[in-house]
Amino acid sequence: MANLKTLLSTLDTLEFQDMYGEDFFLTWENTYDEIIATFTVADILRALREQNISSRIFDSGLGVSLFRDNSTRTRFSFASACNLLGLAVQDLDEGKSQIAHGETVRETANMISFMADVIGIRDDMYIGKGNAYMREVSRALKEGFEDGNLEQRPNLVNLQCDIDHPTQAMADMNHIIHSLGGVEAVRGKKIAMTWAYSPSYGKPLSVPQGIIGLMSRFGMDVVLAHPEGYEIMPEVEEVAHKQAFTSGGSFTKTNSMAEAFADADFVYPKSWAPFKAMERRTELYGEGDSAGIKALETELLAQNANFKDWECTEELMATTREGKALYMHCLPADISGVSCPQGEVAASVFDRYRVPLYKEASHKPYIIAAMIFLSKIADPRAKFEELITAGAPRFSR
Amino acid sequence: MANLKTLLSTLDTLEFQDMYGEDFFLTWENTYDEIIATFTVADILRALREQNISSRIFDSGLGVSLFRDNSTRTRFSFASACNLLGLAVQDLDEGKSQIAHGETVRETANMISFMADVIGIRDDMYIGKGNAYMREVSRALKEGFEDGNLEQRPNLVNLQCDIDHPTQAMADMNHIIHSLGGVEAVRGKKIAMTWAYSPSYGKPLSVPQGIIGLMSRFGMDVVLAHPEGYEIMPEVEEVAHKQAFTSGGSFTKTNSMAEAFADADFVYPKSWAPFKAMERRTELYGEGDSAGIKALETELLAQNANFKDWECTEELMATTREGKALYMHCLPADISGVSCPQGEVAASVFDRYRVPLYKEASHKPYIIAAMIFLSKIADPRAKFEELITAGAPRFSR
Amino acid sequence: MANLKTLLSTLDTLEFQDMYGEDFFLTWENTYDEIIATFTVADILRALREQNISSRIFDSGLGVSLFRDNSTRTRFSFASACNLLGLAVQDLDEGKSQIAHGETVRETANMISFMADVIGIRDDMYIGKGNAYMREVSRALKEGFEDGNLEQRPNLVNLQCDIDHPTQAMADMNHIIHSLGGVEAVRGKKIAMTWAYSPSYGKPLSVPQGIIGLMSRFGMDVVLAHPEGYEIMPEVEEVAHKQAFTSGGSFTKTNSMAEAFADADFVYPKSWAPFKAMERRTELYGEGDSAGIKALETELLAQNANFKDWECTEELMATTREGKALYMHCLPADISGVSCPQGEVAASVFDRYRVPLYKEASHKPYIIAAMIFLSKIADPRAKFEELITAGAPRFSR
């Protein structure tokens, strides 16, 4: 309970009232206090579960998952978060190809929301589309509620878009904080967000963008490393620059993996597709040009193959701070000799970090639950006190 | 609470005890009082939700959805209704082609029902099959319960069959009642259920049939309009005739959209397939004659194209009562210039009525929940008093 | 309540503490007391439901279903069991072809389990794989819990593997016990587990193996009958032999259906594929040899066709004890002249036993729930007293 008390006191020191009733789109649209509040609420929810105290705030209600992509992990994370708070999940599969707009979005958003409390959306495939789609749904829901069609306004959680992957980046950051024993210790630490070779193509940009867009707020030295040609969205780099300046950290770029790894405290080697290529792919899909898409795929795979030496090896790990940087990944990773002949990371490195990697992932359901909690509960501190006092067991063993 | 009290008092004036333990197949098999009781219970459940009072009557239990057709809206409506009452949903996908009979129906009905409290069935594709299938399932469940295989007899809700679409028609009627401020004001009002052009083919007959089969009970002047060749099931017209006579309203038919719209208070322009064509299609499917099915489709699309002027335009709307008839639709509509080049309704008309259209749709989950409630609860009035006194919050904010 | 009291007293006489915190893999890995405890808990859960007493022990929590095969019945049984105890179900579809190993199994097991309390696995298609896969998942979950990645260790329920089908065999055995009025009466009864002809191919071996592996523990005369060439796993026959000896019953084999039926008290005629053929099929799948798979299928269907006289006819039934043996089947059965021209059982036999067959099936959700309950609750007797005293209604009617 000691830990719980500390966490609850932390809430008192933070300003996060504006999260109430709002959606969660991009981490950098939220204040630093709001980000810390989300970590804190996530940790409280986890502590409650560890102590078998129910954090069920919904007696009934629906969490709607709207995924353009079939993702087991994200689906389970969202379902777990909803379940923890008492919501049943209904999946809405829109299909990969169909990008709804205007009338259709407005109508669908209303039709699925008569009893929905939360909607989680994952839409990361097309540059310029995913986040825009979420905003469109959000507007429709606001309207639907104001018009009296919906009994409640469902809040949105961005489960991954073309710009950011807030639930992933925040689970990762909470993992860093826990590994250091507190957010104060993060200042001055170096994190290397680096591209790594993968034999597959078209991995989303939202992970590196989410990482630099969040980690740059904590006074860290954030290094983004990738081969020439693997640029990410310039707008997000801009965000990282500004935030690093404000937070007293730094944001630098390099085309050398070795440079990024040197003396790093945290390394995040992961493949992604070049931003410009993803833009082209989005256009090609828009035009229904399947020959063009095929050609682009071939081109990108060939381009990747030029950078097979971008692998997180034991040699590189040895160059990090005392040779003991924390290896991070959003999973699943391309492990050399295990999941592919050559990939993002050497098998021995991955193997050594398996337990921390699973722990990293374990934060995600709680982060999602925290986002829902903060959007739904006007006074989280009071609500937690209420839940603790009630002490209803989650599992009546 | 004032509204809640009035609604509860209304229940006292109605006879609806026979709904307890029964299935809901066709609106016209239920008495007028039973229909009004369903509206009233739906409104009570909605009021409870608005006031954040839990209407959860099941601590655990399953609602099984059995859809021959993949329908997002119906699925969400049913899931919402189940969730509101505390039931988890399990989907049973039987597939479109396979029409189970006899042994198989009996066995499946039992196998899915050991812990099922409700089964919602949507089976509208084949004339003469959907409703018959529901009755078969119902008989099997009754037997299974009497034989002691099932701990409880699950009740059936018809979520759309070849004959009626009771949850839609009742949501529509409740929308009409709300728009007029009470059921007394419905008497003497004119509703035009008219065919409208659509570039797609084979839309179900259950909507127009459901509308004339229900609205003819309220003393309304019900006009059914369609081009020659778009006849609906004669048995349902017969029902509408008799009910209109009994209720002091009227049921007339015309081949002129203009005549139907003239001075109408409510207009419901919507495409459907000719009854005889649907019968032929059912036979062709039975014979597995895919060439015949293809030929029929071509023929029907060509037939539709002869009636492109059957569109709900501003000009037609202007001819309705004071030019202000309430435009209705079960959604999604074929909107000219939006979802198709030319369709059922002009974009400006649709746009003007969007908010009422969404409100119309919003009644459906509550209608379904009311049907379940009335089949499960012996004394609804007492149960509601109990829920209100308990005052457990649906969402403990 | 009388019955409930007797059942609770029975629990006091049994040793089953070792089931707490454990998985359920194979019936013969559990002691006789543990098997009886499972039947008893299943019956208690059923009695509670009949008396409308909630047996919900989870306020929130997930039951994960991991099926390599799409099975409506198993899915509904598992979902019903989870729902009865308060768990929401999340399905993980791994697909039929993909057999995950090592890294992937370990990772997936952790990723789906952050909030999972139970995982039900059905993996019966490949000889030597299904049960091994479950053990691999189990090890990963144990590790994940010990490493602190998982807040709780989810317990596994074997919903059918290549070796055993414990939930089916135990539902069947409980059906036998109920039909005789108690487990004491089972001793000395004869059960014929016999192969029967089916026009389909490759039916799993887990049913006959599960039956002889379980029924041989109760002092029964267990006869396994099949045509030459339809041998089952020798290891399981070995288990049956030893258990029959210990329990004072017998386990014999014959190639004559008539011999098996003679004076039998229970008959279980059901098709299965030869063990050696299933081994070959597993290898062919491993090699991706689709021509070989096709050839094997043709060969097996031809082999089956040699034994069309292995049918459960009225004539055979007449030779059983007083002509009144209880006909059993896991369903669905191949019924001659109903589901196929010629199959496992004559229509009149099946029809006469329909009610007992559905009752047989009705035990399964309760058996699954009992397995979960015993793995989760340290003191089941005390927990039941608590639930009965609380007397919360499952359905607040």
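**Arrangement of chains, domains and sheets in the predicted complex**

Chain A is superposed on chain C by a rotation of 120 degrees with 0.0 Å of shift along its axis, at an RMSD of 0.0 Å. That is the relation of a three-fold axis. Within chain A, the C-alpha nearest this axis belongs to A:Ala88, which lies 4.4 Å from it. The copies use different surfaces, as 3% of the contact residues of chain A recur in chain C. The complex described here is a predicted model. The predictor assigns the complex an ipTM of 0.94 and a pTM of 0.96. For chain A, the average pLDDT is 94, and 97% of the residues score at least 70. Where pLDDT is low, predicted coordinates should not be read in detail.

In general, two copies of a chain are related by a rotation about an axis and a shift along it. A rotation of 120 degrees, with a shift of 0.0 Å along its axis, places chain B on chain A with an RMSD of 0.0 Å. The C-alpha of chain B nearest the axis is that of B:Ala88, at 4.4 Å. Only 3% of the interface residues of chain B are also interface residues in chain A, so these copies meet through different surfaces.

The contact between chains A and C takes 30 residues from chain A and 24 residues from chain C. On the side of chain A that touches chain C, at least two residues are supplied by each of helix H2 (32–50), helix H3 (72–85) and helix H14 (354–376) of chain A. H3(A) gives the most to this side, with seven residues. The composition of this side of chain A is 15 nonpolar, eight polar and seven charged residues.

At the contact between chains B and A, chain B contributes 30 residues and chain A contributes 24 residues. The elements of chain B that give two or more residues to its side of this contact are helix H2 (32–50), helix H3 (72–85) and helix H14 (354–376). With seven residues, H3(B) gives the most to the side of chain B that touches chain A. By class, that side of chain B comprises 15 nonpolar, eight polar and seven charged residues.

Chain A is divided into domain 1, which covers 2–164 + 364–390, and domain 2, which covers 170–359. The C-alpha centres of the two domains of chain A lie 26 Å apart. Each side of the contact between them is formed by 20 residues, from domain 1 of chain A and from domain 2 of chain A respectively. On the domain 1 side, H2, strand E4 (155–161) and H14 of chain A each supply at least two residues. H2(A) gives the most to the side of domain 1 that touches domain 2 in chain A, with six residues. That side of domain 1 of chain A has eleven nonpolar, four polar and five charged residues.

Strand pairing was examined next. Strands of a sheet pair through backbone hydrogen bonds, either parallel or antiparallel. In chain A, strand E1 (residues 62–67) and strand E2 (residues 88–93) pair in the parallel sense over six bridges. Within this pair, A:Ser65 stands opposite A:Asp91 in E2(A). Together with H3(A), strands E1(A) and E2(A) make a right-handed β-α-β unit. H3(A) is also the element that gives the most residues to the side of chain A that touches chain C.

A further sheet of chain A is open and consists of five strands in the order E7-E6-E5-E8-E9, with parallel pairing. Its edge strands are strand E7 (250–254) and strand E9 (326–327) of chain A, each of which pairs on one side only. Strand E5 (residues 190–195) and strand E8 (residues 266–270) of chain A are joined in the parallel sense over five bridges. Here A:Met193 stands opposite A:Tyr268 in E8(A).

In chain C, five strands form an open sheet in the order E7-E6-E5-E8-E9, and the pairing is parallel. Strand E7 (250–254) and strand E9 (326–327) of chain C are the edge strands, each pairing on one side only. Five bridges in the parallel sense connect strand E5 (residues 190–195) of chain C to strand E8 (residues 266–270) of chain C. The bridge partner of C:Ala192 in E8(C) is C:Val267.

Notes. Residues numbered from 1 in each chain as written. Chains lettered and ligands numbered in written order. Predicted model: local features only at pLDDT ≥ 70, side-chain atom pairs only at ≥ 80, totals over all residues. Contact = placed C-beta atoms within 7 Å. Helix = DSSP H or I, 4+ residues; strand = E, 2+ residues; numbered from the N terminus. Nonpolar A, V, L, I, M, F, W, Y, C, P; charged D, E, K, R; others polar. pLDDT = per-residue confidence, 0-100. Least-squares fit on C-alpha atoms with pLDDT ≥ 70 in both. Pairing = 2+ DSSP bridges. Right-handed = clockwise from strand over helix to strand, strands pointing away. Domains from an automatic or database assignment.
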